[in-house]
Each structure stands twice: as structure tokens, then as C-alpha cells.
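Dear colleague,

I am passing on the structure below, together with some notes on what turned up when I went through it. Please read the notes alongside the coordinates.

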Amino acid sequence: MYIIQPHYHAIARTTDDYERMAQAGVVAVVEPAFWAGFDRRHPGTFVDYFRQISEFEPTRAAQYGIRHFCWVAMNPKESENLALSRQVLEALPEFLPKPTVLGIGEIGFNQNTANEAVIFRAQLELAMQHRQLVLIHTPHLHDKLRGTRLTLDLLRELKFPPERVWIDHVEEHTVRMVLDAGYWAGLTLYPLTKMSTPRAVDILQRFGNAKLMVNSSADWGPSTPFTLLDCVLECRRRGYGEAELLEIFHNRPARFLGQNPKFSIRPLEISPA
Amino acid sequence: MTRLRETIDREWLQGRFLVLELAALLDRLDVAAAKNESAVRTDRRIELLHRALAELAAPSATPNRAERLLELYSELADVHYSAPLSRHRPHHG
Ligand SMILES: [Zn+2]
């Protein structure tokens, strides 16, 4: 099996993850910029963080034969701090040409506040200016429905090309509106309290949509990248064939991310017997 | 009062999660039923599942819901249901 782990926060994980993911067939991970669990005070901290994920992490992953790519952005949670966010945004463009940076993400809403909207809009405009892909986080729990609607409104208003947008953490009540509008959607698996593997496979079965991807939560909280492998197993149990698994867990992320030529991993095909 | 608040804080997310899991499971059974209707409708286990849900939804003065559900499920031992059930029974443990 060849698997792309399209949403993975390597800086919060140990090399055990890389080793076991490599053993399970993960060929690439993609690391969005996110909240570190505490609010940072200095723009320079973000610049060093972007250097870590764009320069250092690829070398750590390479020791396990895994390709590492990343996204840079001001995350939704810390977007609440407007002054800090504006300084971070000024530093973003210098990272966009780096060889493993695929776009701007994760951006979006956390608690659907006015400040979050300002920084979200600014980053979407930056992405359009620099012709970048975007990865959009949607709020968890009760804020998700409203946050997703606000996100879709903003994207429509800016006429952002839908095929260049991946909206992540969709659930049963938001997946349809995202896919119907032509965006890519991500199901994020959690070991506790949020999207479970059986529900994710239900959604995969209900929406045979070619723009629906799956990823694991893998950060500093309760999470594990191996829920993605549980999901492969659950799909197999429900009768998915190898070609379909390759399509969902490798080729879909390869097609979305491959819109940026820096992501050179191409979709694979199983040759007919 | 604080105790109650703490318990709610600790349990509510898990409660939300479990109810969603149950909802998804019922949807999954419905999808299966649409494909093979008579087999699902006549399955005793489905009937028990719905009785268990009714039991959970009923107001209760005593915190022994888990015990009552296990008693309810014990009815399965009274009927000859070995054929379809044995396939789902773990072989060990
Ligand atoms: Zn993330």
C-alpha cells in the first residue's frame, strides 16, 4: 500500500511515528502550520517555526524514506492577535518559493470571530496574488457549521478557484456543501471525541466523490497518525479493493497537492493482471 | 454544585461522541436494510437495539441503566439464535 498522510504536525511527534508510518506504507507527509498549544508572542518565533517545517523536518523524515512537505500560514487560533498576525503575514511570502512549501495553510476560522475573518481574508488574498494552494481549517464542535458557511461565503466573494482549495475537518453536516461547491474536502480522524474511523468510512461510502480525502489528527494533543491506517483497514473490511484504496489514500491527495509542481509524487495505477 | 459542573465538563464531549457514533451505526444498519430489508427487519438483535434505545430515552430515577440494558440483552440467551449470532461471537477472551 502507498499512502500519503496529507495533514501531519511532525514537530509535535517523535521519530517513532516516522518509523512506523514508513513500515505501514506512508511515502509522504504534509505539515500545515498550526497553533502550538500556547499563544506565541513574537513574529520571529513564527519565522523560526516556518524554517523548522520547511528546512529541518524534511531531513528528519528523509531518514525514514518519507518525503516531507509543508504549508505556511498564520493559524486561525492566533489570528485573534491582529498586530502579531500582520507581522507574520509580512514574513510569509519569503517562504512560498522554498522547494517543499506547497501553499498557505492552515488558515480559516476557529471561533468565527471578526479578527479571524480579517486575517483569513488577508491570507486568501495573498494566496491569490502568489497563485498558491490553500488549506482551510474548519472549527471543531458546535462552531463548525457556522464557520464552514462563513468560509464558503468568503471564498465565493473572493472568487477563489475552488479546485485550489482544500477544506479540512468536514463532518456529516458540512461535507455536502463543501463538495457541492467544487472544493476538495478532508476527513480528519481522531482517536477520541471527534470524527471516528467508522463514521469516516460511512461518509466515503455515501459520497463517492473524487475530491474527498482522509487524514489523521497528529499533533500535540490526543491524536495518532495511525488512525489513517485503521481507516484503510476498515475500508478493506467493507469490501474496498486495492485500486480503490490506492485512489483514496494516495492518488486523491497526490492530485490535489500535485497542482503545485513541487509536489512531484504522481498518482499510481495497479496494472491489470 | 461544583461537583455536577465538573462531571458535566468531563463527560459531555464523550457523550456527544457516543451519541454520534450510535447515530452513525443506526444509519449504517438502515443502509444495509435498504439492500436486504427482510433479513434486517426480522433480526431479533435489531429489535433489542431499538428497545435498548427506548430504555435509554426514558426518564429514570436510578443510575442503573447499564445494568438494565445488560438484562435486556440477556434475553438473547433465551432464544435459539445460535446460527447467526455465533459468527459474531469472539472465539476467545
Ligand atoms: Zn492541523
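**The interface between the chains**

Between chain B and chain A there are two salt bridges, a salt bridge being a side-chain nitrogen of Lys or Arg within 4 Å of a carboxyl oxygen of Asp or Glu. One of them joins A:Asp202 to B:Arg28, with the closest N and O atoms 2.7 Å apart. This is a predicted model, in which local features need pLDDT of at least 70 and side-chain atom pairs count only at pLDDT 80 or more, whereas totals for chains, interfaces and linings use all residues. Residues are numbered from 1 along each chain as its sequence is written, chains are lettered from A and ligands numbered from 1 in the order in which they are written, and side-chain values use heavy atoms, with hydrogens and water left out.

Eight residues of chain B are in contact (heavy atoms within 4.5 Å) with nine residues of chain A. The two chains bury about 920 Å² between them, 55% of it from carbon and sulfur atoms; buried area here is the accessible area (1.4 Å probe) that two parts lose on being put together, summed over both. Of the area that chain B buries against chain A, B:Arg16, B:Phe17 and B:Arg28 supply 49%, more than any other three residues.

**The two domains of chain B**

Chain B is divided into domain 1 (1-42) and domain 2 (44-93), with bounds that come from an automatic or database domain assignment. Six residues of domain 1 of chain B are in contact with five residues of domain 2 of chain B, and the area buried between these domains is about 410 Å², to which carbon and sulfur atoms give 83%. Across this interface of domain 1 and domain 2 of chain B, zero salt bridges are found.

The zinc ion has as its protein donors A:His7 (NE2), A:His9 (NE2) and A:Glu106 (OE), at 2.0 to 2.1 Å. Donors are N, O and S atoms within 2.8 Å of the metal (3.2 Å for Na, K and Ca), and water is not among the atoms, so sites may look incomplete. Along the chain, the donors follow the spacing H-x1-H-x96-E. Both A:His7 and A:His9 are buried, where buried means under 20% relative accessible area (1.4 Å probe, protein chains only).

A:Thr151 is also buried, with a relative accessible area of 0%. Not counting residues up to four places away in sequence, A:Thr151 touches A:Phe109, A:Phe120, A:Ile136 and A:Ile167.

Best regards

Key: Buried < 20%, exposed > 50% of the residue type's maximum accessible area, 1.4 Å probe, protein only.
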